[in-house]
Amino acid sequence: MKKITGIGVSAGIACGPIYRYENQPVVIDPLRGFRHKTAADPQAELARLEASLATAKTELEAVLEAAMQRVGAKEAEIFSAHALMLEDPELLDQVAAAIQEKHLSAEEAWFEGTEHYANLLAGMGDEYLSARSADVRDVAQRVLRILTGRKQKSTQLEHPAVVVAEDLTPSDTVTFDPAKVLAFCTAKGGPTSHVAILSKALGIPAITGMGSWLAELQDGLVAIVDGSAGVMVVAPDEKTRAEYQSLSASFQEKFAIALASAHQPAITLDGRRVEVVANVAAVSGASRALEFGAEGIGLLRTEFLFLDRETEPTEEEQAEYYRAVLEVFGKNPVVIRTLDIGGDKPAPYLKMAAELNPFLGVRGTRLALVHPKVFQNQLRALLRAGLGHNLKIMCPMVGSLQEVRAIHEHVNQARLALEESGVEYAHDVEIGIMIEIPSAAVMADVLAPEVDFFSIGTNDLSQYTLAADRTNPDVSPLADALDPSVLRLISMVTRAAHAHGKWVGLCGELAGDPLAAPVLLGIGIDEFSMNPRAVPLVKQALRRFSTDQARQIAEKVLQLPTVADVRRYLENFA
Ligand code: PEP
Ligand code: MG
């Protein structure tokens, strides 16, 4: 029996035989090149390339179709992007020139052109761009496979299995039949890799970042995968297997029970209603959130509309997108966050200098303030879209009162511009800020009078408080939001807000952890916002406590010295 740990990126427990998915690239060693490095007839090579690109396009259309059915339109967009890459004029010109001028074979020229592009992205030292370079290589490999006449790798599973791979591309992930994939486990990848995003959308347990020795695993060995804890147990003994089986059965049973009442409100034993809403990044996610019982949206991550494109979305395009999300929830509250670009999420058209510590750099509201036109466009689009809905605007990564005041100036300027141009807009939109920088948490009593609400972003608040990069698998476990230091900050922020009559939400991953429900309830969090699949379980957890009980639990927890003590104590109520 062997235990491998990684990053749990999609919750759930699975047990079954391992299926080693070998996705060795067509070209492993770029120095060795192809057998036919050069070709005598450039015209024939161009024709081969053209035919292969056309076949690749047909294949991608089939993948797109499968992805639309299995994971939804937003997640399938990546394959439209892949298809577009096949038509990229700059890339195609470069490849054609290499064939005509250097007499390279179609394989060599295509490989050279796409590698150049992928290396550019990977060399920027940034997790997000590295992930995009994987997309370029994914498309490149598809065309190379066709050019070299190789058969498509098999994603056809004969029986349900735990799929283990060095890394999984988006097209690998969705071409597996989800009914047969028990879990996805990859050696590489982090919490923001596509396999993580797609697995969550499919509801399949997944672990990434498991490290090099995944390669030692044999086909057919039985493994247990705990996607919540990020643990894989290989060749478990009978006792462990039985433990996980009962854990899995109770997980599913509990989820089914919770789902049955997910559309009822979360009311504590003493009658206090707690708002439970969802974090989403797309219109399809909003509809899914509604199905899982979310009462609104507590965090719409708008930056996904701004990434993966060459130009900024126009005011009109943004307004339409925000309206589509707002319409899913009718009159229910929808908190839309202004761009949180920077950190691990750059946008190519915003000129951003390379930073040694991007998470401590020009990110979120700091970036919005140095790109006032972009910020104004977004604010105008939001105010227009909010008409007739219950929109609240929230700004990320705010660290000081000066920034709060600058935000208000911008909002007023956007209102004035709409007024002057006679465009109708929402007049009663609440303006709030995220509390995710420790300085904002410490100064919450000063910031509270000047905003309508706070929403605590524990993902960042933990990484900044504990100085542990949330994207680095070696230290990210230290950035535990249940650490007493973080809980004390959450408590301080909540008290400060309530003293000024303001409401407090919490939209970090902590809100979706049922273990944390009583302590957050006791601290006085008014709105819990989470990954849609967590809504049924958290609602259920909240219903089990009275306000007084929860307050006593919170008082006790806030006195505990370590995160281990906190977890141990909270387990008593789970
Ligand atoms: C957070 O930091 O807790 C948060 C919700 O924002 P993001 O995860 O998008 O940085
Ligand atoms: Mg954040």
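1. The domain assignment, which is automatic or taken from a database, divides the chain into domain 1 (2-23 + 154-238), domain 2 (42-147) and domain 3 (264-466 + 498-532). Between the centres of domain 1 and domain 2, taken over C-alpha atoms, there are 26 Å.

2. This is a predicted model, in which local features need pLDDT of at least 70 and side-chain atom pairs count only at pLDDT 80 or more, while totals for chains, interfaces and linings use all residues. Residues are numbered from 1 along each chain as its sequence is written, chains are lettered from A and ligands numbered from 1 in the order in which they are written, and side-chain values use heavy atoms, with hydrogens and water left out.

3. E436 (OE) and D460 (OD) coordinate the magnesium ion (ligand 2) at 2.0 to 2.2 Å. Donors are N, O and S atoms within 2.8 Å of the metal (3.2 Å for Na, K and Ca); water is not among the atoms, so the site may look incomplete. E436 lies in the loop between β14 (430-435) and α15 (438-442) and D460 in helix α17 (residues 458-465), so the pair ties together parts 24 residues apart in sequence. Helices (H or I, at least four residues) and strands (E, at least two) are DSSP runs, numbered from the N terminus.

4. E436 is buried, with a relative accessible area of 2%, and D460 is buried, also with 2%. Buried means under 20% relative accessible area (1.4 Å probe, protein chains only).

Technical notes
Buried means under 20% relative accessible area, exposed over 50%, partly exposed in between (1.4 Å probe, protein chains only).
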